[in-house]
Structure formats: structure tokens, C-alpha cells
Amino acid sequence: MRLNILVLPGDGIGVEITREAVKVLRTVCEIHGHDLVLRDGLIGGASLDETGKPVSEAVLKEAVEADAVLLGAVGLPKYDSLPPAQRAERGLLDLRKAMGVFANLRPVKAYPALFGSSPLKEDRIAGTDLLILRELTGGLYFGQPRALEGEGKQRRAFNTMPYSYVEVERIARMAFELARTRRKRVTSVDKANVLETSQLWRQVVTEIAAEYPDVVLDHLYVDNASMQLVLNPKAFDVLLTENLFGDILSDEAAVLAGSIGLLPSGSLGARRPDGKLPGLYEPIHGSAPDIAGKGIANPLGTIGSAAAMLDWSFGLKEESRTIEEAIDYVIQHGPTTPDLLSGQGTTASVGGAVCQRIKSQR
Ligand code: NAD
Ligand code: IPM
Ligand code: MN
């Protein structure tokens, strides 16, 4: 198979971790005889430095035409004071919008070898296996009107959190379809006791649920959900929620796994007329300015995202499983990076160990 992938390393540790994920993709494609066609592009601060924009029209076009996009992370403190349209993060939001990837899948599982890496007790996290399904192209992130305006003590700011029936319907449908491949439970998370947006969300999710009688649906308010996630994570199968809540809850859920550096993600839109399902694959963490350049960032979330890409966008299940098995193996046998309990490894040594394991299993 021919795999046309656009690689956007971005900023900070983004560069270091995508390098390892690319190594892993090359290894798998060589073994399985796939033709890996990689193109590189700029996003975030890297793009600002070069083009004055957080993402260029040319890169957006390449992303839309690629079979899949692998992204590292965007943003660094030195870009934080730029006006909203020029912030590094805007590049990522524009990319998600341009690709139409409205569904962000963030799987979270607790690895037995890493129970000690979590501040939570083992009996709480053992058996955790959940999927956060985050709406990605709507809500507060994109809603109009929005502004920060005025001067001095007259300054005011506002954002808008809109959702339409169609936006909720398509993500809800995806949640129920995904639940059917798992433990058949959807927990929808909202703030319907306060927000009209959430009232619509809850209505629509409940209406769509009627088409999936084999799936159990329940609803939680987001404040309670954030508590239940650490009190009783095993109770969750598919956690369906809107854009901002999903952003926050997924970083919290990283504590269940043991490090944010472990969590992969893939974002999908509608299937194209040619049958392809392009996606945007990125770890859930950011550019980690505090450790950037040190060579110690955990690359496993990005490598896991590459595995998800092979499965979800290319249908290469065996190849994907090979990578996931190698991730499991390296987590158990090392090396691991210092974000995990007693890890002494480097980004490159972890990536190298994943490749070695894949080669040894051929
Ligand atoms: P962050 O995720 O970059 O870092 C949070 C903490 O987790 C830091 O202590 C960091 O060292 C650690 N961490 C993150 N990834 C790690 C990894 N792979 N291995 C080991 N440790 C890791 O969040 P932040 O500090 O709030 O944000 C930094 C910048 O990244 C900001 O500009 C923010 O906007 C941006 N950001 C980008 C994305 C993205 O590109 N998808 C996601 C989140 C934040
Ligand atoms: C994420 C990040 C992004 C988000 C930022 C960088 C725009 O936090 O992917 O989780 O909020 O979606
Ligand atoms: Mn986030």
C-alpha cells in the first residue's frame, strides 16, 4: 500500500517525538512492504518564524490532500503575547478545521507495569480502558462572536459556545458506533444544569441513543465527571463530550496512564468519496517547553498515534497491532523516559527500542 503522510513536527518536543514516530513507521513499512511517502511541513511557532503565519495556505492544502497527517505539538512561551490570529495554537485549530476532523479519539488505558507511575492507588486504576471522544471543530474554540477589546479598566472579553443539531448528532453517532466495538457504554458529559449548549447536547445524544438500544447511555455533569474519572475510572467505556471539556478531561485522564507522554490521539472527519478516511494524528500533550531540547520527552504517545493512524486511516490492523505490542513490551522491559517511574532512557533510546522489538517479532 502507498501511504501519503504529511509530517508536521511543530515546536519544542514536537520535533523530538515525531522523529521517533517516523522511525517506527519506516520500520513497519519496510517489514510489511508498504510504500511510505513522507512530506514535511511547518506549523505553529516554526511556521511563524518562517512565514509570519501559524500555518500557511500551502500546508493546509497539503494536509487536506494527504491520506493522513502526523503532528508533534505547537506553541512556546515566546509566541504567547502575539495577537490571537498569530498565536502558534491558532495554526493547529486552523488545521483541524481545514481537515474537517470533528471527532478526536483519545484512548486511555492503565498499563500494569506503570501502576507505580501514577499518584493514584493501584486498585483505582487497574483495569482502566476508556476512550475519550472529544468534539473537535465546534464550541468555544471556534464560536463567534469572540473578542478581547477596550483599554485599561474598560477592557472586556467574551467567547461563544455554539453547537448545532448536526454537530452533536454526528459525534454522538460515532460514540455509539465505537461503543458497539467496545463494552457498549457511552457516558455523555455536559453542563446541562447551566448551559443551553449542553441542554441541546443532552437532548440530541438521548435522541440518537434510541437508535442504539444495545448501548447503555448515561449522562454526567462535567464537574462530577472530572471527579469520577479519578474515583472510579473503570466505570467509563466511551466518554463523549464537547471540545473544551474533552481537552481538560483528557489531560486529567493521563494521570490514570501514568504520564501525559503516553497518550495517543487521532482525529477523524467524514469518509471521502474515494473511500479513504483521512485523519490527524497527534499526542495529547503540548510542546513541553520545560524539557524541550533535553532529549528526554516520552515519544510513546506519538508512536501510539502512528499506530492508530495505520489502523483507522489505512485499515492496516496487523501493522498497527505490531506497534502497540512493541509499546507494551518497551513499557514493561524499558528503556523508559524519566516521566515514568525510575525511567533513565532518552527519547531516541525509547524509539529505537520500539523499532528493535518490531524487527525481532517479524
Ligand atoms: P504540555 O503538555 O506541553 O506540558 C505539561 C507537562 O507535561 C510539562 O511538565 C511537560 O514537561 C510534561 N510533558 C508533556 N509531554 C511530555 C512528554 N511527551 N514526555 C514527558 N513529559 C511531557 O502543556 P503546557 O505546558 O500547558 O503547554 C506548553 C505549550 O504547548 C503551550 O504553548 C500550549 O499551548 C501548547 N500545547 C500544545 C498542544 C498541541 O500541540 N496539541 C497541546 C497542549 C498544549
Ligand atoms: C490539545 C491542545 C490544544 C487544544 C491547544 C494547543 C489548541 O491543548 O490538543 O489538547 O486545546 O485542543
Ligand atoms: Mn489539551
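Is Arg39 buried or exposed? In this predicted model, Arg39 is exposed, with a relative accessible area of 51%. Its side chain meets that of Glu62 in a salt bridge, with 2.8 Å from N to O. Glu62 lies in helix α3 (residues 57–65) and Arg39 in strand β2 (residues 35–40), so the pair ties together parts that are 23 residues apart in sequence. Glu62 is partly exposed, at 24% relative accessibility.

The chain as a whole contains 12 helices and 12 strands. The C-alpha trace spans about 55 × 50 × 45 Å along its principal axes. Of the 362 residues, 52% are buried. Among contacts with a separation of 6 or more, 76% are between residues 24 or more positions apart.

Charged side chains number 40 positive and 46 negative, and the centres of the two sets lie 1 Å apart. The whole structure holds 25 salt bridges. One of them joins the side chains of Arg96 and Glu282, at 3.1 Å from N to O. This pair links distant parts of the chain, 186 residues apart: Arg96 is in helix α4 (residues 88–99), and Glu282 is in the loop between β12 (279–281) and α10 (300–312). Arg96 is buried at 5% relative accessibility, and Glu282 is buried at 4%.

A further salt bridge connects Asp129 and Arg182, whose closest N and O atoms are 3.5 Å apart. Asp129 is partly exposed at 33% relative accessibility, as is Arg182 at 25%. Asp67, Arg272, Asp274 and Lys276 are joined into one network by salt bridges that share partners.

Definitions and conventions. Residues are numbered from 1 along each chain as its sequence is written. Chains are lettered from A and ligands numbered from 1 in the order in which they are written. This is a predicted model: local features need pLDDT of at least 70, side-chain atom pairs count only at pLDDT 80 or more; totals for chains, interfaces and linings use all residues. Side-chain values use heavy atoms; hydrogens and water are left out. Helices (H or I, at least four residues) and strands (E, at least two) are DSSP runs, numbered from the N terminus. Buried means under 20% relative accessible area, exposed over 50%, partly exposed in between (1.4 Å probe, protein chains only). Contact means heavy atoms within 4.5 Å. Lys and Arg count as positive and Asp and Glu as negative; His and the chain ends are not counted. The place of a charge is taken as NZ of Lys, CZ of Arg, CG of Asp or CD of Glu. A salt bridge is a side-chain nitrogen of Lys or Arg within 4 Å of a carboxyl oxygen of Asp or Glu.
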